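Below are some notes on helix packing in this model. Please read them alongside the coordinates.

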Amino acid sequence: MTGGSDQKTYRAHGSSRPHPRFPEEPTLSDPDEVVTARLQVQELARIVQALPDAPRAVWVMREIGGASYAEIAEATGMPQATVRGVLARARRRVLEQMEGWR
């Protein structure tokens, strides 16, 4: 992170960790690569949306939002150990369903 103002914004929202910055959109020169990347993102979104509510919320908070286990536990009311288990099962399910894209 570059500026201190970003840190103040994160603290103001109650998070001790900054939200991870999304990488710049890749510059793919091959149109087939662009199409494949977009299809992968669409498939990932479909898979995540198909997760049950609790695993989806935990997965999104951790993988997209960068929340800690403690932050997720506080937000969901789950014990941290439960958060870890739910996240592990959600990750496994997402990876299994994305296996064909490797």
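1. Helix α5 (residues 80–98) has 19 residues, which at 1.5 Å a residue should span 27 Å; its end C-alpha atoms are 27 Å apart, so the two values agree. The expected span is 1.5 Å times one less than the number of residues. Helices are DSSP runs (H or I, at least four residues), numbered from the N terminus.

2. This is a predicted model, in which local features need pLDDT of at least 70 and side-chain atom pairs count only at pLDDT 80 or more, while totals for chains, interfaces and linings use all residues. Residues are numbered from 1 along each chain as its sequence is written, and side-chain values use heavy atoms, leaving out hydrogens and water.

3. Val83, Gly85, Val86, Leu87, Ala90, Val94 and Met98 are the buried residues of α5 (under 20% relative accessible area, 1.4 Å probe, protein chains only). They pack against α2 (31–50), α3 and α4.

4. The axes of α3 and α5 come within 9 Å and cross at roughly 90 degrees; axes are lines fitted to C-alpha atoms over the stretch in contact, and angles run from 0 to 180 degrees between N-to-C directions. The two helices, α3 and α5, are therefore roughly perpendicular (65 to 115 degrees). From α3, the contact (heavy atoms within 4.5 Å) involves Ala54, Pro55, Val58, Trp59, Arg62 and Glu63; from α5, Val83, Val86, Leu87, Ala90, Arg91 and Val94.

5. Helix α3 (residues 53–64) also meets helix α4 (residues 69–76): their axes come within 10 Å and cross at roughly 145 degrees. Val58, Met61 and Arg62 of α3 make this contact with Tyr69, Ile72, Ala75 and Thr76 of α4.

Notes: Buried means under 20% relative accessible area, exposed over 50%, partly exposed in between (1.4 Å probe, protein chains only). Angles under 35 degrees count as roughly parallel, over 145 as roughly antiparallel, 65 to 115 as roughly perpendicular and the rest as oblique.
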